Amino acid sequence: MTAVRRRLPVLLACAVVAALALSAWSPRDRTTWFLETVWVLVGLPLIVLAWRRFPLTDLLCCLLAVHALVLIVGGHYTYAQVPLGDWVRDTFGLDRNPYDRFGHLMQGFVPAVLVRELLSRTSPLRGSRWLAPLTVCACLAFSAVFEMLEWAAAVIGGQAADAFLATQGDVWDTQWDMFCALIGATVSVLVLSRPHDRQLDRPALTASYGAGASISALRTSTPGTRRRLR
């Protein structure tokens, strides 16, 4: 493991913390900022606390950092008013700010690698043909849960939750959000599975978590066991 690779998680965490601090300075809507960034506020400490027992691959660390920045920007400006999204809308003649759609694509693209890594390292699914569809299904389920949270926010907050919902007048916004997450998860599995597997196979990583025994057992299992998994 090179010095750069060892420092990468620390550098990414520092960048996320710095962006989070900047975004907390005069956001357009304080409640929306909290609701959008709560995943970062909770997730980053959990990753740090679990790192010694369960370090993540470099690929997943980079993707989580990018996703955190997407959430932070959306929380600071609100998804319907992100300046970059306004520029894209005006440049291409769109009828809405597309940053919300991009955020939901990321909601599928990044969690797909997270789910895939968790399943590969803590279950006998590594190498199984079920790994990809179960990963996509888990991401779609998370997207549906998130939409129910938005529904709850709308019921509780009324018009005050409009900035968090970012529907921009689209009655099909919920369906579009889940569809974007589905597309993101599917593309992620198709494009990133091979490089992700290469990183999962690094000795320095497999030696650091207890699930390595499960993976070894899978690779040395009988043909009958493998057929059942596949």
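Reply: What follows is a set of questions about the terms used for this model, each answered by setting a value against its definition.

Reply: This is a predicted model, in which local features need pLDDT of at least 70 and side-chain atom pairs count only at pLDDT 80 or more, while totals for chains, interfaces and linings use all residues. Residues are numbered from 1 along each chain as its sequence is written, and side-chain values use heavy atoms, with hydrogens and water left out.

Me: How many helices and strands does the chain have?

Reply: The chain comes to 11 helices and zero strands, where helices (H or I, at least four residues) and strands (E, at least two) are DSSP runs, numbered from the N terminus. Read from the N terminus on, the elements therefore run α-α-α-α-α-α-α-α-α-α-α.

Me: Why is Phe146 called buried, and why is Trp39 called partly exposed?

Reply: Buried means under 20% relative accessible area, exposed means over 50%, and partly exposed is in between (1.4 Å probe, protein chains only). Phe146 has a relative accessible area of 7%, so it counts as buried, whereas Trp39, at 36%, counts as partly exposed. Of the 230 residues of the chain, 39% count as buried.

Me: What makes the pair of Trp39 and Phe146 tilted?

Reply: Rings of Phe, Tyr and Trp (its six-membered ring) pair if their centres lie within 6.5 Å, and planes under 30 degrees apart count as stacked, over 60 as edge-to-face and the rest as tilted. The rings of Trp39 and Phe146 are 6.1 Å apart, centre to centre, with 45° between the planes, so they form a pair and that pair is tilted. Trp39 lies in helix 2 and Phe146 in helix 6 (residues 131-157), so the pair ties together parts that are 107 residues apart in sequence. Ring pairs also link Trp39, Phe142 and Phe146 into a cluster, and by this rule the count comes to five aromatic pairs.

Me: How do you know that Tyr79 and Tyr99 form a tilted pair, and are these residues buried or exposed?

Reply: The ring centres of Tyr79 and Tyr99 are 5.4 Å apart and the planes stand at 40°, so the pair is tilted. Tyr79 lies in the loop between helix 3 and helix 4 (83-92), and Tyr99 lies in helix 5, so the pair ties together parts that are 20 residues apart in sequence. Tyr79, at 5% relative accessibility, counts as buried, and Tyr99, at 9%, counts as buried too.

Me: Which residues touch the most other members of the largest nonpolar core?

Reply: A nonpolar core is a set of buried Ala, Val, Leu, Ile, Met, Phe, Trp, Tyr and Cys residues joined through side-chain atoms within 4.5 Å. The largest one has 23 residues, and Val16, Val40, Leu63, Ile72 and Val113 touch the most other members. Helix 1 (3-23), helix 2 (30-50), helix 3 (58-77) and helix 5 (99-122) each supply at least two residues of this core, and the largest share, nine residues, comes from helix 3. Contact means heavy atoms within 4.5 Å, and Ile72 touches Val16, Ala19, Leu20, Ser23, Thr37 and Val40, not counting residues up to four places away in sequence. A second, separate core of six residues includes Ala112, Val115, Cys139 and Val189.

Me: What makes Arg121 a charge over the ring of Phe54?

Reply: A charge sits over a ring if NZ of Lys or CZ of Arg is within 6 Å of the ring centre and within 35 degrees of the ring normal. Arg121 lies over the face of Phe54, at 3.8 Å from the ring centre, and Arg30 lies over the face of Trp33, at 5.7 Å from the ring centre.

Me: Where is the kink in helix 5 centred?

Reply: The bend at a residue is the angle between axes fitted to the seven residues ending there and the seven starting there, and helix 5 has a kink of about 25°, centred on Pro111. Helix 5 is mostly covered, with 17 of its 24 residues buried.
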